Amino acid sequence: MAVSVFDLFKIGIGPSSSHTVGPMRAAYLFVTGLKKDGLLPYVHRVRSELYGSLGATGKGHGSDIGVLLGLMGEAPDTIDPDSIARRIDEVASSQSISLIHERSIPFSARLDIAFYRQALPEHPNGLKLIAFGADGEQLRVGTYLSVGGGFVVTAGADNAQVLTAAQQLPYRFESGAELLELCARNNISIAELMLANELVWRSEAQVCEGLLKIWDVMQDCVIRGCANEGNLPGPLGVKRRAHQLHQKLLACSATETDQSHAAMDWLNLFALAVNEENAGGGRVVTAPTNGAAGIIPAVLHYYIRFVPGASRQGVVEFLLTAAAIGILYKLNASISGAEVGCQGEVGVACSMAAAGLCAVMGGTVEQVENAAEIGMEHNLGLTCDPVGGRVQIPCIERNAMGSVKAVNAARMAMHGDGSHYVSLDSVIRTMMQTGADMKTKYKETSRGGLAVNIIEC
């Protein structure tokens with residue numbers, strides 16, 4: 001299995017990579033497959049069935065909206081977020097949907113989208129799409145698994161077409177130990193190793209251009225998050241805080257001489273801005289998921305604002321390094337909150353960000369691995385318990401806390417020599433084991449933790 005940096009960092013929409021972006025990609029794959037095989041003209045009805053965590057919290061996460069957009073032929077990285085509400089309203093008012101803008105069929109969200117709490121056997125995030133002909137016969141059934149970070153695989157299939165064969169890579173690694181050994185043997189950094197692997201798919205110029213585009217989208221997201229005011233969608237009435245905090249920090253920067261906590265305040269702002277945009281269904285970058293989308297952008301903004309000598313080339317190094325760490329979690333554990341809890345989202349993002357920051361601050365390969373280990377070690381056991389099934393409480397603040405942990409982990413690693421008792425591989429194994437032991441009600445089902453206890457507060 002080979003994972004690209006652009007698999008981990010994908011431009012999409014909020015509020016969830018697994019619950020919104022994943023179903024959107026699955027529906028797009030399904031309907032384009034119908035067209036490819038000449039079945040589209042014969043489709044008279046499409047039904048979607050969401051299972052497990054998708055069924056339990058799909059309404060709050062916009063899973064139904066993702067399915068509708070995918071059926072209409074929209075992709076997460078190209079759709080205009082401002083057009084989504086209008087498009088969904090048109091489906092509701094007309095009681096019809098245009099499959100990839102080519103075939104209009106009757107459609108009722110109430111009748112044609114079903115939510116089931118029972119999970120499919122392969123993964124907690126599963127969905128089925130069924131196309132029916134004129135006489136009600138099934139033309140095709142597609143079963144998909146949304147495995148975290150916007151990754152979608154076809155249940156029971158050989159997904160080699162989704163993940164390129166690892167044999168093509170010049171530097172194959174499946175563990176932190178292998179990554180360290182390859183860097184030492186070839187006298188290269190983690191970012192240099194990742195760049196060499198990326199050249200299998202695209203040129204160096206394309207890699208740099210693509211990563212800087214990712215960074216530009218992250219910056220735009222922060223700008224929008226700082227500008228937008230009001231309440232987030234949904235019945236919780238959560239008030240956006242980034243705008244007010246931004247105005248306060250700008251005023252403080254101009255008047256106060258004591259700036260001892262300025263870096264932390266700005267770090268919190270950057271994370272809040274991104275995750276408020278995500279919760280509002282705006283344009284974000286999965287990093288590596290939407291639920292944890294604010295941590296890497298926040299730490300990158302910290303790097304640009306507070307680290308001397310910061311540059312756009314440093315941003316590329318940061319993202320390549322962070323991606324290498326993310327790949328280790330993707331290969332050996334999970335980045336799905338429905339599978340391992342929020343340790344697989346905020347914990348992984350914290351670990352990735354800590355590694356990236358340590359690298360651009362001049363850390364050795366050993367220090368980078370140590371930073372990544374610290375970042376996860378102190379997120380072990382973190383539950384995923386979104387109140388009301390929405391990526392708002394505690395998710396938005398949790399990204400701010402994860403960002404602060406990432407910066408601290410990088411700084412702690414930089415003060416050491418890279419040697420430590422708990423390896424990154426050990427902490428990744430522990431995270432996966434902890435996720436397996438975690439009760440289902442604490443894994444993105446909104447049936448435990450804050451999701452139920454907040455009502456009593």
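**Entry 1: second largest pocket**

I sorted the lining of the second largest pocket by class and got 11 nonpolar, eight polar and four charged residues. I note here that the model is a predicted one. The lining comprises 23 residues. Those nearest the pocket centre are Pro15, Ile65, Pro233, Gly280 and Gly281. I then looked up which elements give two or more residues to this lining, and found helix H3 (53–61), helix H4 (63–71) and helix H5 (84–94). H5 gives the most, with four residues. For the volume of the second largest pocket I have about 380 Å³.

**Entry 2: cavities**

I searched the whole structure for cavities of 30 Å³ or more, and one came up. The volume of the largest cavity is about 130 Å³. I listed 17 lining residues for the largest cavity, with Gly291, Glu345, Cys384, Val391 and Glu444 closest to its centre. By class, I count seven nonpolar, eight polar and two charged residues in this lining. Helix H2 (17–36) supplies at least two residues of the lining, and H17 likewise supplies at least two.

**Entry 3: H12 against H17**

H12 covers residues 295–306 and H17 covers residues 395–414; their axes come within 9 Å and cross at roughly 50 degrees. That angle makes H12 oblique to H17. The crossing is right-handed. Which residues meet here? On the H12 side I found Ile295, Ala298, Val299 and Tyr302. On the H17 side I found Asn399, Gly402, Ser403, Ala406, Val407 and Arg411. The residues of this contact divide into six nonpolar, three polar and one charged.

**Entry 4: H13 against H15**

From H13, the contact takes in Gly314, Glu317, Phe318, Thr321, Ala322, Ala323, Ile325, Gly326 and Tyr329. From H15, I have Val348, Ser351, Met352, Ala353, Ala355, Gly356, Leu357, Ala359 and Val360. By class, the contact of H13 with H15 has 12 nonpolar residues, five polar ones and one charged.

Technical notes
Residues are numbered from 1 along each chain as its sequence is written. This is a predicted model: local features need pLDDT of at least 70, side-chain atom pairs count only at pLDDT 80 or more; totals for chains, interfaces and linings use all residues. Side-chain values use heavy atoms; hydrogens and water are left out. On a 1 Å grid over the protein atoms alone, a cavity is a set of points where a 1.4 Å probe fits but cannot get out, and a pocket is an open set with protein on both sides within 12 Å along at least five of seven lines; lining residues have an atom within 4 Å of a point. Grid points are joined across faces, edges and corners, and a volume is the space filled by probe spheres set on the points. Ala, Val, Leu, Ile, Met, Phe, Trp, Tyr, Cys and Pro count as nonpolar, Asp, Glu, Lys and Arg as charged, and the others, Gly among them, as polar. Axes are lines fitted to C-alpha atoms, for helices over the stretch in contact, and angles run from 0 to 180 degrees between N-to-C directions. Angles under 35 degrees count as roughly parallel, over 145 as roughly antiparallel, 65 to 115 as roughly perpendicular and the rest as oblique. A crossing is left-handed if the near helix is turned anticlockwise from the far one by less than a right angle, and right-handed if clockwise. Contact means heavy atoms within 4.5 Å.
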